[in-house]
Amino acid sequence: MEYVELICHPSQGEHVAGLLISMLADAGFESFTENENGTISAFIQAPLYTPALTSKLGSDEFSEFLDSFHAEHIADQNWNAVWESQYDPVLIDNCCMVRAPFHPQPAGVEFDIVIMPKMSFGTAHHETTKLMIQYLLSLQVTGKSLLDMGSGTAVLAILARMKGAFPVSAIDNDEWAFNNAVENVQSNNFADIEVLLGDSSLLAGKKFDIILANINRNILLNDIPVYRESLSDGGKLFMSGFYSEDLPLIEAKAYETGLRIMSHRIENNWTAACFTL
């Protein structure tokens, strides 16, 4: 599978880059890099980069946030080499290391997670993944059923199993992320994590003590009622992938379903929040 890298020059203004990333995610782009020169690289599977999408990027909908852009094709077989040259390990709260197989094993780290990220979201470099990891590190999850929704690399599912959660499921609607998650759960010796390809429709009839959903605002707003139905009595729902200004929308939708907010965390305007019944 080839990917297209869309190199974007965002408009000037506070939070414009973040809003542009959110819009690109809604348009089908899978992962993003904010470059030192102020541009944003957005990645999408080549077959999905259609003339209709190009036209949409040049429309009034994007003009407020996007000054200019150009696209470059990236061959699938080159992606791992790019990551290996650019991907640094991440240490969170001095106890959780997220690293690639080519990084040396750290000493004195309680949770050592090995992730081959490829094109999947979830390497702990992004604030939303870090926020969710920090929430998970603070939880007592031993013996609790847990869902990692929009799992990407399955890094959250893997950490949950390391902390004793069981059973654990990881769901993503992207085939590349699904295959990457299967690879990662096996390389971390947690083949008992259930990895599924699909969306929230897979949750019908299932219950979890803890649900982690790190996706984007629009998908969260659409799926909160489904998460509510899949949450066990006394369970907790953790959501991230949105900005602080979107928290009232998320909270209001959750409240409609009977969920109430317990806490939230913010880093660089990205937000994670915990809800319960």
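Predicted model: local features only at pLDDT ≥ 70, side-chain atom pairs only at ≥ 80, totals over all residues.

Student: Let's start with alanine 157. Which helix is it in?

Tutor: Alanine 157 belongs to helix H6, which covers residues 155-162.

Student: Is alanine 157 buried or exposed?

Tutor: Alanine 157 counts as buried, because its relative accessibility is 0% and the cut-off for buried is under 20%.

Student: What does alanine 157 contact, apart from its sequence neighbours?

Tutor: Once neighbours within four places in sequence are set aside, alanine 157 is in contact with Asp148, Val168, Ala170 and Ile193.

Student: And what does isoleucine 193 touch?

Tutor: Not counting residues up to four places away in sequence, isoleucine 193 touches Ala157, Ile158, Arg161, Val168, Ala170 and Val185. The largest nonpolar core has 37 residues, and Ile193 is one of the three that touch the most other members, along with Cys96 and Ile133.

Student: Back to H6. How many of its residues are buried?

Tutor: Seven of the eight residues in H6 are buried, so the helix is mostly covered. The buried ones are Val155, Leu156, Ala157, Ile158, Leu159, Ala160 and Arg161.

Student: What comes after H6?

Tutor: Glycine 164 follows H6, and its phi is positive, near 100 degrees. Helix H9 is likewise followed by a glycine, glycine 258, with a positive phi near 100 degrees.

Student: Which residues of H9 are buried, then?

Tutor: H9 runs over residues 247-256, and its buried residues are Leu247, Ile250 and Ala254. Looking down the axis of H9, these buried residues fall within an arc of 65 degrees, so they line one face of the helix.

Student: What's on the face turned away from the buried side of H9?

Tutor: That face of H9 carries the exposed residues Pro248, Tyr255 and Glu256.

Student: New topic. How many disulfides are there?

Tutor: Zero, from a search of the whole structure. Cysteine 274, for one, is in no disulfide, and the nearest cysteine sulfur, from cysteine 95, is 18 Å away. The cut-off for a disulfide is 2.5 Å between sulfur atoms.

Student: Is cysteine 274 buried or exposed?

Tutor: Cysteine 274 is buried, with a relative accessible area of 3%. Cysteine 8 is buried too, at 0%.

Student: How many aromatic pairs are there?

Tutor: The count comes to two aromatic pairs. In one of them, tyrosine 135 and phenylalanine 238 have ring centres 4.9 Å apart and planes at 55 degrees, so the pair is tilted.

Student: Where do tyrosine 135 and phenylalanine 238 sit in the chain?

Tutor: Tyrosine 135 is in helix H5 (residues 127-137) and phenylalanine 238 is in strand S12. They are 103 residues apart, so the pair links distant parts of the chain. Both tyrosine 135 and phenylalanine 238 are buried.

Student: What lies over the face of tyrosine 135?

Tutor: Arginine 265 does, at 4.3 Å from the ring centre.

How values were computed. Residues numbered from 1 in each chain as written. Heavy atoms only, no water. Helix = DSSP H or I, 4+ residues; strand = E, 2+ residues; numbered from the N terminus. Buried < 20%, exposed > 50% of the residue type's maximum accessible area, 1.4 Å probe, protein only. Contact = heavy atoms within 4.5 Å. Core = buried A, V, L, I, M, F, W, Y, C linked by side-chain atoms within 4.5 Å. Arc of directions from axis to C-beta. Phe/Tyr/Trp six-rings, centres within 6.5 Å; stacked < 30°, edge-to-face > 60°. Lys NZ or Arg CZ within 6 Å of the ring centre and 35° of its normal.
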